[in-house]
Amino acid sequence: MLKINNLHASVEDKGILKGIDLEVKAGEVHAIMGPNGSGKSTLASVIAGKEEYEVTEGNILLEGEDIEELAAEERAHKGVFLSFQYPVEIPGVSVTNFMKTAINETRKAKGLEDMPAKDMLKMIREKSEMLEIDRKFLSRSLNEGFSGGEKKRNEIFQMAMLEPKLAILDETDSGLDIDALRIVANGVNKLKSKDNAVIVITHYQRLLDYIVPDYVHVLHNGKIVKSGTAALAHELEAKGYDWIKEEVNA
Amino acid sequence: MSKYTEDDLREELKTKEYEYGFYTDIESETFPVGLNEDIVRAISKKKEEPEWMTEWRLEAFKVWKEMTEPEWANVNYTKPDFQAIAYYSAPVAVDPNKTLDDVDPDLLAMYKKLGISVDEQKKMNNVAMDIVVDSVSVATTFKKTLGEKGIIFMSISEAIKEHPELVKKYLGTVVPTKDNFYAALNSAVFSDGSFCYIPKGVRCPMELSTYFRINQAGTGQFERTLVIADEGSYVSYLEGCTAPSRDENQLHAAVVELIALDDAEIKYSTVQNWFPGNAEGKGGVYNFVTKRGLCEKNAKISWTQVETGSAVTWKYPSCILKGDNSVGEFYSIAVTNNYQQADTGTKMIHLGKNTKSTIISKGISAGKSQNSYRGLVQISSRADNARNFSQCDSLLMGNECGAHTFPYIEAKNKSAQIEHEATTSKIGEDQIFYCNQRGIDTEKAIALIVNGFSKEVLNKLPMEFAVEAQKLLEISLEGSVG
């Protein structure tokens, strides 16, 4: 699904990613953990194709194709989805209208007609029920005045609607209370299949109790310094990140 | 990664030509350039007007000669040479006695290019339309259907002849000839426009619409619109405007007067898409317009405008809330791009008791344009319990444009409640990236964000025009984010 080779990336000439190697296969869930400033969110942005980040070395392959030259929307059309840590507000654009535009633009890129309104409605109904989203919520302006939990739930709702191949969840757990966390995690688990993959970026182990990863990677100073199974996340929860920093520096 | 740079954007913007910039080669009869008493008389004579109308024009001309062009607006332009403009131009093939079927095929082809085939309009839309090309009203559709309800909808030239009592009674009562420089000029030389009268208690069953187009080079368009809604009646009226692309600036100085008698309601919507000039700021229409409505008791006037065209806009659709409990509304979207300049807003004059006004203004500036909102809310001493709510939002794209807000409030009655809210925002790269990440490209993302920003106003437009207006916003702003 995703193969990252020796990835170096910088923003405004400041190097942030310093040689990342990562392979994610279909059907897998990977967790990327690490202290603040280790480059977790940068990695997510670079995969999604944010313009400010410049890839200086290495490459990113999606299903064998180098996506370096592709614009963010083209990567999205190929099935890359990023659940934002801080989803932006778009006043006056309803969640429904936004989703309709996103789905139809993706279809257009694939040479398909707009999705019939009937199908769209059915899909919205199913996915909003799955994520326990109130219908009224869908007519509100995108993220405007949403609570932290509502924003994150809305991100997962969009993921459910767009059915991506590769979903990257960037700090989806931050700002969620325990109930919202459970709903969001259940949603992600229901969306998981043998044909797609999920990368969960998180600071804490909490979310990983609900979305159990196949692999856990620790990012430090722009590099993956340790990889392991779900057990590694528990170890980090108990011991913090300092021991890893010490190991690296030793 | 392939970057969509500032240069790419600029390049793309250049190729976005004005969609309505064609010129139709129809034979026209145009007066020599220049303005004097003889020209005023000649216009009046050409239109076979009665003596009182000729005198009214001459009086206006006398007033105009003594006036100077206003300079207080936040716009910069070379003042038109009023002696270098032709004040009358008419397609020769137009004969008022002909029916629609006899209209010059070239003219009909032009309407088609404009997307307003008269035949189609008749059949498909429930819209009665009057089309003004250059100075003359060419065809008024639906006349018969409206006639059965006693609704009069015709060119103002016809109305002067056929309904002189109504024209004489109301013309110049809301916008007096000496109101301002352009209104005085218009009063002297207006060549055509639309007239509409809705009888007592009648609800006009369809949208009435006028389509204006400047075709001939070196001409000005001075149309005059008069809408009278008699007691308890209702009408929704829409005007649309386009002009061919030309290097020189064309002048458009219109006057619109609305009269809403007791319990009447007028909804007046404008989609203005005059040629804005090219990407270097050359050419384009000077749009200097006076629009004002008078509300009697319990009456309501609602102005909705989508302004995307013109090189320079100077326009303040206003309401005089004379009658008790009357209501005035102003909903506006003004888009400026490249070197366009707009100074637009409204005046809400509260004279009656319990009068209410609402102002929602959305300014969108891109390129090197300047976009100003200028509004006056005036509460007179006897206007007890008057209320106003104003909201002025500006959206900026890029770093070279400007947005300005000039709200004036004059309250002479202590019971007045006036609220004013203003915001300025910028389309952020984060918003664009968010949309991109969901598969929406940058152009579409801007359209989406702008439409969201303008939604409150777009919602006020009649359905069929809201779609058109939405498209127009997209076209006007394509490739304009920096």
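Biologist: In what order do the six strands of the open sheet in chain A lie?

Modeller: This is a predicted model, where local features need pLDDT of at least 70, side-chain atom pairs count only at pLDDT 80 or more, and totals for chains, interfaces and linings use all residues. Residues are numbered from 1 along each chain as written, chains are lettered from A and ligands numbered from 1 in written order, and side-chain values use heavy atoms, leaving out hydrogens and water. Strands are DSSP runs (E, at least two residues; helices are H or I, at least four), numbered from the N terminus, and two strands pair if DSSP finds at least two bridges between them. With mixed pairing, the order in chain A is β6-β9-β10-β3-β11-β12.

Biologist: Why is one side of β6 and of β12 in chain A left without a neighbour in the sheet?

Modeller: β6 (80-83) and β12 (223-228) of chain A stand at the edges of the sheet.

Biologist: How many of the nine residues of helix α10 in chain B are buried?

Modeller: Buried means under 20% relative accessible area, exposed over 50%, and partly exposed in between (1.4 Å probe, protein chains only). Among the buried residues of α10(B) are B:Phe433 and B:Tyr434. Helix α10 (residues 429-437) of chain B is mostly covered, and its buried residues number seven.
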